[in-house]
Amino acid sequence: MNEQNTVFDQEAQVAAPMMSAYLPMMKTAAMTAAAELGVFHRLSLGAASVAEAALDLDASVHGMDGLLRCLAAFGLLDRGDDGRYHNSAFVEQHFSPTARVDLTPGLLWNAEALRLMTGLTDAVRNGGPAETMWAQMTRRAEMGASFSRYMEAFARYFSPDLLECVQPPPDARRLLDIGGSHGLHAASLCMRYPQLHAVVFDLAESLTQTPRIIEEHGLRDRITLRVGDAKTDDFGTAEDGLGFDVVLLLSVLHNLSVTHAEDIVRRAARALAPGGLIAVHEHFHDDAHARFTASFQLTLLVEVGTGLQDPEQVQRWLREEGCALIRRHDLPELGKGSILLARREV
């Protein structure tokens, strides 16, 4: 539990019952508005008074005063004796241009997520949304772009964990990234292991930004794109000479039904060359992180109508396809999930 949650929990113990819903709602709303207005980025340049921030960010003084006071009350901003505000250490570390990874795109996605959550009651009644967010994205390009920017930022944040957990076989040459979208995972591993060449496999609309990522890393000659639908298209198999030494299946399964998830896991395992490594990243039900996993399960219900996969089932599918030495790495940071690693028997 981080320091800010500890402060809130202590405060909630002496608060009116409705505060347990009202205060988290307002914190989320204030952080989202701050991202949309550019508050954290502006204050990263230097402290500002209410009037200065309002002028720089094209907002009213009255409105900016209320927003900055709220952000400071939640410990997201600090207010100096001169009345000027600056970012807290937490915000500067995670939501500013000086951060190792600026997670502001996640706050901007909150605006869409909050809108989607207005359909939660109906999703609970009906077992899913009237229209999935993927379908909505076909009508609203800006929604898809916002989600893609968030996923790219999270991938950059997640990259050190991936590199620590996924260690390809010494003679690995070919990598397949199923549902790889932005290509950052494939790029990170190719940068770490110069002998690797990668194929990023995804829908055409998910690969629009991938060429930019490949160019940024100077990997044009080592990463290729393959357009396809993981639910229907072939990955290749070791038997037909198209086996891969590393297969990535990262944050894909929770968007699928159990039937589709099983099929994709089995075909991904068959795409491994003997001795090859498969890495599956997912969020699983975990008593230690019960609030997060239960919340994410509800998010999936309202956004796409799916749910979390059973880790025992996933491991069974891998074993039945000839994978052994299965290990599960539960990443210590809340919200990062788990990585399952398995090697195909030689």
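Predicted model: local features only at pLDDT ≥ 70, side-chain atom pairs only at ≥ 80, totals over all residues.

Visitor: How far apart are the C-alpha centres of domain 1 and domain 2?

Guide: Domain 1 covers 17-100 and domain 2 covers 126-344; those bounds come from an automatic or database domain assignment. Their C-alpha centres are separated by 35 Å.

Visitor: What is the radius of gyration of the protein chain?

Guide: The chain has 15 helices and 9 strands, which are DSSP runs numbered from the N terminus (helices H or I, at least four residues; strands E, at least two). The globule rule, 2.2 Å times the number of residues to the power 0.38, works on a radius taken over C-alpha atoms. For 346 residues the rule gives 20 Å, and the chain comes close to that, so it is as compact as a globular protein of that length, with a radius of gyration of 22 Å.

Visitor: Is A111 buried, partly exposed or exposed?

Guide: A111 sits in helix 7, residues 104-117. Buried means under 20% relative accessible area and exposed over 50%, with partly exposed in between (1.4 Å probe, protein chains only). Because its relative accessibility is 28%, A111 counts as partly exposed.

Visitor: Which residues does A111 touch, leaving out those up to four places away in sequence?

Guide: A contact here means heavy atoms within 4.5 Å. With residues up to four places away set aside, A111 touches T32 and E36.

Visitor: Which residues are closest to the centre of the largest cavity?

Guide: A cavity is a set of points, on a 1 Å grid over the protein atoms alone, where a 1.4 Å probe fits but cannot get out; lining residues have an atom within 4 Å of a point. The largest cavity holds about 120 Å³, a volume being the space filled by probe spheres set on the points, which are joined across faces, edges and corners. Of its 15 lining residues, the closest to the centre are D286, H289, T293, G337 and S338.

Visitor: Which helix and strand each supply at least two residues of that lining?

Guide: The lining of the largest cavity divides into 4 nonpolar, 6 polar and 5 charged residues (nonpolar: Ala, Val, Leu, Ile, Met, Phe, Trp, Tyr, Cys and Pro; charged: Asp, Glu, Lys and Arg; polar: the others, Gly among them). At least two of the lining residues come from each of helix 14 (290-303) and strand 8 (323-330).

How values were computed
Residues numbered from 1 in each chain as written. Heavy atoms only, no water. 1 Å grid on protein atoms, 1.4 Å probe; cavity = no way out; pocket = protein on both sides within 12 Å on 5 of 7 lines; lining within 4 Å.
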